[in-house]
Amino acid sequence: MHSFIYRLNALLTFAGSTLALMCILATLTDYIHPMNTDVDIKLARVERLQRIENGNDEAYLAFEIDADLRGLFSWNTKQLFVFLAAEYTTNKNVLSQVSLWDRIIEHEQDAVLKLPYVRNKYKLVDQGHHLRGRSINLTLYWNIMPFTGRLRWGKRVFTDVALPANYSRAEHVPTWRAMSGMDFRAAQRNMAHADTPY
């Protein structure tokens, strides 16, 4: 007759093997889950483009973000990490990538982003003075963090977003789409404080 220790070991081995198999199956289901997204990013306003004391260019931007990321959620999704980056090339750097804004989304119902006027959360500072008249790409990245399995990445790139040719305090780029009355009034309030020191 088997001892208690032997039976406990067998039970734990079976439980561990079953759990590992379930984790593998959960990971495999992510590969057949369609990752459908609907994303639109526009530059709403260049609030400030200036050269700072160390000689580098610095820009404060505002964006219109319209994204439906619910298709990235499956039963194995723990959360999404979403961030918006400015990407461009200069004579000094083959690729400059600067993170401008990010958000953690933990629930599928929160994965619909309707943001008519959102400022960059992090400064866009160039290594030099190359931002004037620069064409940049705005890229929305997402990192899918599962309960089990490997991390997965995705992105949507919006190309040829032009920055002003001259230094400025508040240059408006008229690319807004139709807003609700409440959203438009909120954007106007943000614009009214565009020259407020950060």
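## Architecture

The chain's secondary structure consists of two helices and nine strands, where helices (H or I, at least four residues) and strands (E, at least two) are DSSP runs, numbered from the N terminus. Read from the N terminus, the order of elements is α-β-β-β-β-β-β-β-β-β-α.

The model is predicted: local features need pLDDT of at least 70, side-chain atom pairs count only at pLDDT 80 or more, and totals for chains, interfaces and linings use all residues. Residues are numbered from 1 along each chain as its sequence is written, and side-chain values use heavy atoms, with hydrogens and water left out.

The chain has 198 residues, of which 40% count as buried; buried means under 20% relative accessible area, exposed over 50%, and partly exposed in between (1.4 Å probe, protein chains only). Among contacts (heavy atoms within 4.5 Å) between residues at least 6 apart in sequence, 70% join residues at least 24 apart.

## Aromatic rings

Rings of Phe, Tyr and Trp (its six-membered ring) pair if their centres lie within 6.5 Å; planes under 30 degrees apart count as stacked, over 60 as edge-to-face and the rest as tilted. One of the pairs, Phe81 with Phe83, is tilted, at 5.8 Å centre to centre and 35° between the planes. Phe83 also pairs with Tyr141: their ring centres are 4.9 Å apart and their planes lie at 10°, so this pair is stacked. Because Phe83 lies in strand 3 (residues 77–88) and Tyr141 in strand 7 (residues 135–146), the pair ties together parts that are 58 residues apart in sequence. Ring pairs link Phe81, Phe83, Tyr141 and Trp153 into a cluster.

The table gives the accessibility of some of these residues.

| Residue | Relative accessibility | Class |
|---|---|---|
| Phe81 | 24% | partly exposed |
| Phe83 | 13% | buried |
| Tyr141 | 13% | buried |

Elsewhere, the charged end of Arg48 sits over the ring of Tyr60, 5.0 Å from its centre; this requires NZ of Lys or CZ of Arg within 6 Å of the ring centre and within 35 degrees of the ring normal.

## Surface

The accessible surface of the chain is about 11,800 Å², and 57% of it belongs to carbon and sulfur atoms; accessible areas come from the Shrake-Rupley method with a 1.4 Å probe, and for residues only the protein chains shown count as cover. Leu11, found in helix 1 (residues 4–32), counts as exposed at 55% relative accessibility.
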